[in-house]
Amino acid sequence: MATKTLNDLFHETLKDIYYAERQILKALPKMARAAQDEKLKAAFLQHKDETEGQVERLKQVFEIIGKRAQGKTCDAIEGIISEGEEIMDEFKGTPALDAGLLAAAQAVEHYEISRYGTLRAWAKQLGMNDAAALLEETLAEESKTDETLSTLAETAVNAAAKKAA
Ligand SMILES: [Fe+2]
Ligand SMILES: [Fe+2]
């Protein structure tokens with residue numbers, strides 16, 4: 001059996017998050033269309049634009065390690081996104097829809113935060129400071145998005161979900 005090292009783990013995990021980001025890019029416009037609250041819609045659309053930049057950063061990281069940008073099916077993100085779709089179906093037209101969509105979006109962000117935190121640490125360990133900086137930039141965007149969503153939930157969306165239609 002071939003020896004596998006942190007370099008291999010880094011490459012595999014990069015493929016995982018590259019796949020995940022591209023799935024997220026497809027999911028965000030659907031979530032924006034489904035959202036009823038204008039600010040939530042806007043947050044989803046803004047994060048869609050950011051996600052396009054994140055995909056570009058990942059391509060740069062692939063370049064740094066001399067590999068072609070390639071995804072690998074990520075079951076975790078597929079599961080998180082299908083839970084979001086389930087909420088869209090089951091809560092369609094109800095006051096609770098937005099709170100459910102927002103929670104689904106936060107699950108996505110937390111997955112990403114976990115991945116980017118790991119990748120950044122591994123990049124540093126491997127002495128790839130440029131890659132670490134790119135990953136750090138995206139990690140900051142994901143964290144900021146998570147905070148924005150928390151604020152929206154706590155200031156508007158959760159309360160709106162409590163009301164009878
Ligand atoms: Fe992302
Ligand atoms: Fe994100």
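Donors are N, O and S atoms within 2.8 Å of the metal. By that cut-off, the donor residues of the iron ion (ligand 1) are spaced E-x32-Q-x57-E-x29-E in sequence. This is a predicted model. The chain has five helices and zero strands, and two iron ions, ligand 1 and ligand 2, sit 3.2 Å apart.

**Overall fold**

- Along the sequence the pattern reads α-α-α-α-α.
- The radius of gyration is 17 Å, close to the 15 Å from the globule rule for 165 residues, so the chain is as compact as a globular protein of that length.
- Along the principal axes, the C-alpha atoms fill a box of roughly 60 × 30 × 20 Å.
- Buried residues make up 40% of the 165 in the chain.
- Of the contacts between residues at least 6 apart in sequence, 81% join residues at least 24 apart.

**Iron ion (ligand 1)**

- Glu21 (OE), Glu21 (OE), Gln54 (OE1), Glu112 (OE) and Glu142 (OE) coordinate the iron ion (ligand 1), at 2.0 to 2.3 Å.
- Glutamate 112 lies in helix H4 and glutamate 142 in helix H5, 30 residues apart, and the pair links distant parts of the chain.
- Glutamate 142 counts as buried, at 0% relative accessibility.

**Iron ion (ligand 2)**

- Protein donors to the iron ion (ligand 2) are His47 (NE2), Glu109 (OE), Glu109 (OE), Glu112 (OE) and Glu142 (OE). They lie 2.0 to 2.6 Å from the iron ion (ligand 2).
- The donor residues of the iron ion (ligand 2) follow the sequence spacing H-x61-E-x2-E-x29-E.
- Histidine 47 is in helix H2 and glutamate 112 in helix H4, so this pair ties together parts that are 65 residues apart in sequence.
- Histidine 47 is buried, with a relative accessible area of 2%.

- Glutamate 112 coordinates both the iron ion (ligand 1) and the iron ion (ligand 2).
- Glutamate 112 is also buried, at 0% relative accessibility.

**Nonpolar core**

- The largest nonpolar core holds 44 residues. Phe10, Phe44, Ile77 and Leu135 touch the most other members.
- Helices H1 (6–34), H2 (38–64), H3 (75–90), H4 (97–125) and H5 (129–162) each supply at least two residues of this core.
- H1 gives the most, with eleven residues.
- Beyond its neighbours within four places in sequence, leucine 135 is in contact with Phe10, Leu58, Val61, Tyr116, Leu119, Arg120 and Ala123.

**Helix H1**

- H1 has 29 residues. From first C-alpha to last, H1 reaches 41 Å, close to the 42 Å expected at 1.5 Å a residue.
- H1 has a kink of about 25 degrees at alanine 27, shortly before proline 29.

Technical notes: Residues are numbered from 1 along each chain as its sequence is written. Chains are lettered from A and ligands numbered from 1 in the order in which they are written. This is a predicted model: local features need pLDDT of at least 70, side-chain atom pairs count only at pLDDT 80 or more; totals for chains, interfaces and linings use all residues. Side-chain values use heavy atoms; hydrogens and water are left out. A nonpolar core is a set of buried Ala, Val, Leu, Ile, Met, Phe, Trp, Tyr and Cys residues joined through side-chain atoms within 4.5 Å. Buried means under 20% relative accessible area, exposed over 50%, partly exposed in between (1.4 Å probe, protein chains only). Helices (H or I, at least four residues) and strands (E, at least two) are DSSP runs, numbered from the N terminus. Contact means heavy atoms within 4.5 Å. The expected span of a helix is 1.5 Å times one less than its number of residues. The bend at a residue is the angle between axes fitted to the seven residues ending there and the seven starting there. The radius of gyration is taken over C-alpha atoms; the globule rule is 2.2 Å times the number of residues to the power 0.38.
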